[in-house]
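Open the model in your viewer and keep the selection panel at hand. The tour goes from stop to stop.

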Amino acid sequence: MEIRVEENPAATVSTLLVDTAKAGGNIVLTGGSTPKLAYEMASRAGANWSEATVWFSDERCVPPESGQSNYRMANEALLGRLSRDTRPTVHRMEGELGPVAGAAGYEALVYEHLGGQPQWDLLLLGLGPDAHCASLFPGKPEVSERRHLVTGVPLAGMEPQVPRITLTLPALNSARQVVFLITGADKAVAVKRAFADPPDPDSPAAHVRPQGGELLVLLDPAAAKELT
Ligand code: 6PG
C-alpha cells in the first residue's frame, strides 16, 4: 500500500484515468461528490477513450436521470463530455431494477466480460465518514459477502437512504490497481480507521487490499491529518 498526500490529488486521479483510458483498460468509476473534480479534469484532456470500458463500483437504486444516480454524476462530469467518437463502452449498474435484479444483472455482465476474478486495470473508490467504500457499510452483511462479485444492499448505512448495488470485497480485491481518492477534514478519522497500521477491522475499507494488485491512497492534507 502506498499513501500519498498531495495538494491536488484529483489531478493525479485525472492522469491515471486518462492514461488507463488511452491504453484501452477496464476502469471502475465511483460515486459520491469527491471524484467529480477528477472526472471533469479528465474530460478536458481530449483523450480517446473508445478502446476503454467503464464500470461502476456501486449505484443507488434510482433511475439514471435521478440527481442521486452515480451514473448521472459520472456522465455529466466525464462520459457525456467526451466527444462522441471517443467515448468508451459504459456498463452502468441498473439501479432502477432494484437491488436484487440490478446486482444479478451486473454480476452476469462482469462474468461475461471479465470472468470470476475481474482484473480491473484501475478501480477508483472514495471513503465515507463512517469508513464505508463503494456501498459496503460498516456492520452490514454485504461486507462479509465472499461468493458474489456484486450484491444488492437493501438498507444503506448512510444518506441517501436508498437501496444500493455494489461490488463486493472479492471483486474490489481482484483489481490490478485500486485507488482511493479522499479529501477533506471530515474524512480524517475514517482514513485513520481504514489505513493506519493496524487498521480498524470494522472499517470496510480496511479490507480493500488487492491480492495481486496495487493499492494507492491519495489524500489531501486535511484528510491525512489523523495519520501519523
Ligand atoms: C456512493 C459512493 C460512496 C462514496 C463515499 C464518499 O455511492 O455514495 O460510491 O462509496 O464514494 O460515500 O462520498 P463523497 O465523495 O460524497 O464523500
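Predicted model: local features only at pLDDT ≥ 70, side-chain atom pairs only at ≥ 80, totals over all residues.

Select Cys61. Cys61 takes part in no disulfide; its nearest cysteine sulfur belongs to Cys133, 17 Å away. A disulfide needs two cysteine sulfur atoms within 2.5 Å, so the 17 Å between the sulfurs of Cys61 and Cys133 rules out that pair. Is Cys61 buried or exposed? Buried, with a relative accessible area of 17%; the cut-off for buried is under 20%. Now select Cys133. Cys133 is likewise in no disulfide, and the nearest cysteine sulfur is that of Cys61. Cys133 is buried too, at a relative accessible area of 1%.

Next, select the ligand. The ligand sits in the largest pocket.

Which atoms of Ser33, Asn70 and Ala134 face ligand oxygens? Take them one at a time.

- Ser33: a polar backbone atom is 2.7 Å from an oxygen atom of the ligand.
- Asn70: here the side chain takes part, with an N or O atom 2.8 Å from a ligand oxygen.
- Ala134: a backbone N or O atom lies 2.6 Å from an oxygen atom of the ligand.

On its own, the ligand has 420 Å² of accessible area, and the protein covers 88% of that.

Key. Residues numbered from 1 in each chain as written. Heavy atoms only, no water. Polar contact = N/O pair within 3.5 Å; in protein donor to acceptor, adjacent residues only side chain to side chain. Areas by Shrake-Rupley, 256 points an atom, 1.4 Å probe, with all protein chains shown as cover. 1 Å grid on protein atoms, 1.4 Å probe; cavity = no way out; pocket = protein on both sides within 12 Å on 5 of 7 lines; lining within 4 Å. Sits in = over half its atoms within 2 Å of the grid points. Buried < 20%, exposed > 50% of the residue type's maximum accessible area, 1.4 Å probe, protein only.
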